[in-house]
Amino acid sequence: MTKHEFEVAMTCEGCSGAVTRILNKLGDVKFEIDLPKKLVWIESDKDVDVLMTALQKSGKEVKYNGTK
């Protein structure tokens with residue numbers, strides 16, 4: 001599985017909670033959230049566009065930083 005890094009404009013636990021709920025709905029993904037750095041690492045075989053679209057559903061600004 002590929003590990004992707006995204007920058008998500010999260011400012012609080014509520015924001016990271018929303019991201020967590022969205023990613024859990026995708027299924028078959030492992031992820032870590034670093035709230036202070038506003039980073040989300042997602043380990044998945046899903047296409048980057050699928051992951052990006054899912055993260056954008058949080059209503060936050062999302063930027064793809066590449067694979068890690």
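Good morning, everyone. A word of caution before the tour: this is a predicted model.

Let's start with charge. Side chains of opposite charge can pair when their charged atoms come close. How many salt bridges does a search of the whole structure find? Three.

Take Lys3 and Glu32. Their side chains meet in a salt bridge, with N to O at 3.2 Å. Lys3 sits in strand β1, residues 2–8, and Glu32 sits in strand β2, residues 30–34. The two are 29 residues apart, so this pair links distant parts of the chain. Lys3 is partly exposed, at 27% relative accessibility. Glu32 is partly exposed too, at 43%.

Next, Glu5 and Lys68. This salt bridge has an N to O distance of 4.0 Å. Glu5 is in β1, while Lys68 is in the segment after β4, which spans 62–67. The pair therefore ties together parts that are 63 residues apart in sequence. Now look at the two ends. Is Glu5 buried or exposed? Buried, with a relative accessible area of 10%. Lys68, on the other hand, is exposed, at 59%.

Then there is Lys63 with Glu7. Their closest N and O atoms are 3.7 Å apart in a salt bridge. Lys63 belongs to strand β4 and Glu7 to strand β1, so parts 56 residues apart in sequence are tied together. Lys63 is partly exposed, at 48%. Glu7 is partly exposed as well, at 34%.

On to the inside. In soluble globular proteins, nonpolar side chains tend to be buried together. Here, the largest nonpolar core has 14 residues. Which residues have the most contacts inside it? Phe6, Val8, Ile42 and Leu55. Four elements, β1, α1, β3 and α2, each supply at least two residues of this core.

Pick out Ile42 on the structure. Leave aside its neighbours within four places in sequence. Its contacts then include Phe6, Leu23, Val29, Phe31, Leu51 and Leu55. Thr2, Lys3, His4 and Lys30 are also in contact with Ile42.

Now follow Leu55 to its helix. In α2, residues 48–56, the buried residues are Leu51, Met52, Ala54 and Leu55. Where do they sit around the helix? They are on the same side of α2, because they cover an arc of only 160° around the axis. What do the buried residues of α2 pack against? They pack against β1, α1 (13–26), β3 (39–44) and β4. Look also at the start of α2. There, a side-chain oxygen of Asp47 comes to within 3.2 Å of the backbone nitrogen of Asp49.

Last stop: the cysteines. Cys12 counts as partly exposed, at 35% relative accessibility. Cys15 is buried, with a relative accessible area of 6%.

How values were computed. Residues numbered from 1 in each chain as written. Predicted model: local features only at pLDDT ≥ 70, side-chain atom pairs only at ≥ 80, totals over all residues. Heavy atoms only, no water. Buried < 20%, exposed > 50% of the residue type's maximum accessible area, 1.4 Å probe, protein only. Arc of directions from axis to C-beta. Contact = heavy atoms within 4.5 Å. Polar contact = N/O pair within 3.5 Å; in protein donor to acceptor, adjacent residues only side chain to side chain. Core = buried A, V, L, I, M, F, W, Y, C linked by side-chain atoms within 4.5 Å.
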